[in-house]
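Hi,

Here is the model we talked about, handed over for you to look through. My notes come after it.

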Amino acid sequence: MKPDKQNSSSPTLNAIELFAGVGGFRLGLEEAGWNVVWSNQWEPGVRMDKQHASKCYVAHFGSEGHTCEDISVVVERLKKDKRAVPDHSLLVGGFPCQDYSVAKPLSQAMGIEGKKGVLWWSIYEILKAKQPSFVLLENVDRLLKSPSTQRGRDFAVILSCLAQLGYVAEWRVVNAANYGFPQRRRRVFIYAHLLIEHGFRWRPVQRIYETGVFARALTVSSENHEDELRAEEFSPIERDRELHADPYVVSAQFGRDEKRSFFRNAGVMMEGKVWTREVCPVCEPGPSLGDIVAETGPVPEEFFISPDREGKWKELKGRKALKRIDPKTQFEYTYSEGKMRFPDAPELPSRTILTGEGGVSPSRFKHAVADPVSGRLRRLTPEELEALNGFERGWTRTGMPVGRRAFMMGNALVVGVVRRIAEQIVAEAHEYAKVQPPQE
């Protein structure tokens, strides 16, 4: 292996941020000591004067190093000139769950090619061109089991691509409420670093439970796994599965005829070999939804639910079983929904904030609380939604409509979770900067 290109006692902590939204990733990164040197945020199908997320980002962090354009345009520019994206040690991004199927195999002249417009392939192209030492990505947890016709295929494609680019990776599904944050928000985080620089030191099972970035940032229980951890001290633990080296083959074959996804809520990938385990968090106490609501001052009347609409709210949040017919197959089935608590429980962390949280219309999924001052039922304010994600109250008060402010929080991250992970990547960067990889 070639020498570590950042072998020094003081590694460069420069990061770039893709799909930046209103800056949740950046807040967590900067609190952990990272310097964000470049960012991109673009909302497809929206006029430039309506790019509210980008405007909010610039309002807080300034316009230097920030671009508001389709990431595919950036990638095409990067293919011609690698200086289109600055050098960096860490690439981060929260990208949407899409169809990651591969359209062209490695054996063809131009190499791997994915579906046009799927944002993973823009990340892939930037990683291929810039080869940052570290990568941190975020997605909804259903990524581990999508699509329904090939359970786990999409995530397998991502891992296979990372292996093809020379990265080792670990992942963890994180519910923020388990770690002292006031929102039950489940997301999968993927961390990777270059095998040629750092990955030679990994022990996969220990990485999952004890030594990994996620294990150190967000503790899990190793109970019932002590024997496996001890055994790995003396000899490697056999991998659970090995991915094909060509992501095209993975796309075509992975998950076929499997009723459930192979991937558990945590795992490691090294050179295409995969170890995966179901881990249990060591839970930490934290504030509740009621604690956040109690800190709110006077609430505008528009957020209160009128008594004549309470019945509709209760109906939408109630238990139901509806007969439906599939329009394609004409198959009749029963669509069921369980009862949801109305109003939301103040003593618990909030439910997941969704993009449809704004607006006055009754909804099954919007939060409704009993106002602690008046006792009247009301929706959550944008400031409360911001606080539930760990932003300063008023963060999105940058000229965007109230409904869009709620939408932005539905798309945002829990800042404190990012900070804790980013702190451990800093620690890992310092650790590996002091270690010379073995020579070939």
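**What turned up**

Asn224 sits in the loop between α7 (213-217) and α8 (226-232). Helices here are DSSP runs of H or I with at least four residues, strands are runs of E with at least two, and both are numbered from the N terminus.

Before going further: this is a predicted model, where local features need pLDDT of at least 70 and side-chain atom pairs count only at pLDDT 80 or more, while totals for chains, interfaces and linings use all residues. Residues are numbered from 1 along each chain as its sequence is written, and side-chain values use heavy atoms, with hydrogens and water left out.

Back to Asn224: its phi is positive, about 75 degrees, although it is not a glycine. At 69% relative accessibility Asn224 counts as exposed (buried is under 20% relative accessible area, exposed is over 50%, partly exposed is in between, with a 1.4 Å probe and protein chains only). Phe19 is another non-glycine with positive phi, near 50 degrees. Phe19 lies in the loop between β1 and α1 and is buried, at 18%.

Next, α1 itself. Seven of its nine residues are buried, so α1 is largely enclosed by the rest of the structure. Those buried residues are Gly24, Phe25, Arg26, Leu27, Gly28, Leu29 and Ala32. They pack against β1 (14-18), β2 (35-40), α2 (52-61), β4 (90-94), β7 (134-140) and α14; contact means heavy atoms within 4.5 Å. Just after α1, Gly33 takes a positive phi of about 110 degrees.

How do α1 (residues 24-32) and α14 (residues 415-433) cross? Their axes come within 7 Å, at roughly 45 degrees. Axes are lines fitted to C-alpha atoms, for helices over the stretch in contact, with angles from 0 to 180 degrees between N-to-C directions. The pair is therefore oblique (under 35 degrees is roughly parallel, over 145 roughly antiparallel, 65 to 115 roughly perpendicular, and the rest oblique). On the α1 side, the residues that meet α14 include Phe25, Leu29 and Ala32, and on the α14 side they include Val418, Ala422 and Val426.

Glu170 lies in β8 (residues 167-175) and is buried, at 3% relative accessibility. A polar atom of the Glu170 side chain is 3.5 Å from the backbone nitrogen of Phe214. Arg187, in β9 (residues 186-194), is also buried, at 15%. The side chains of Arg187 and Glu138 make a polar contact of 3.4 Å. A polar contact is a pair of N or O atoms within 3.5 Å; within protein, one must be able to donate a hydrogen and the other to accept it, and residues adjacent in sequence count only if both atoms are side-chain atoms.

There are two cis peptide bonds to point out. Ser146 and Pro147 are joined by one, with omega about -5 degrees, and Pro147 is in the loop between β7 and α5 (153-164). The bond from Phe342 to Pro343 is cis too, with omega near -5 degrees.

Cheers
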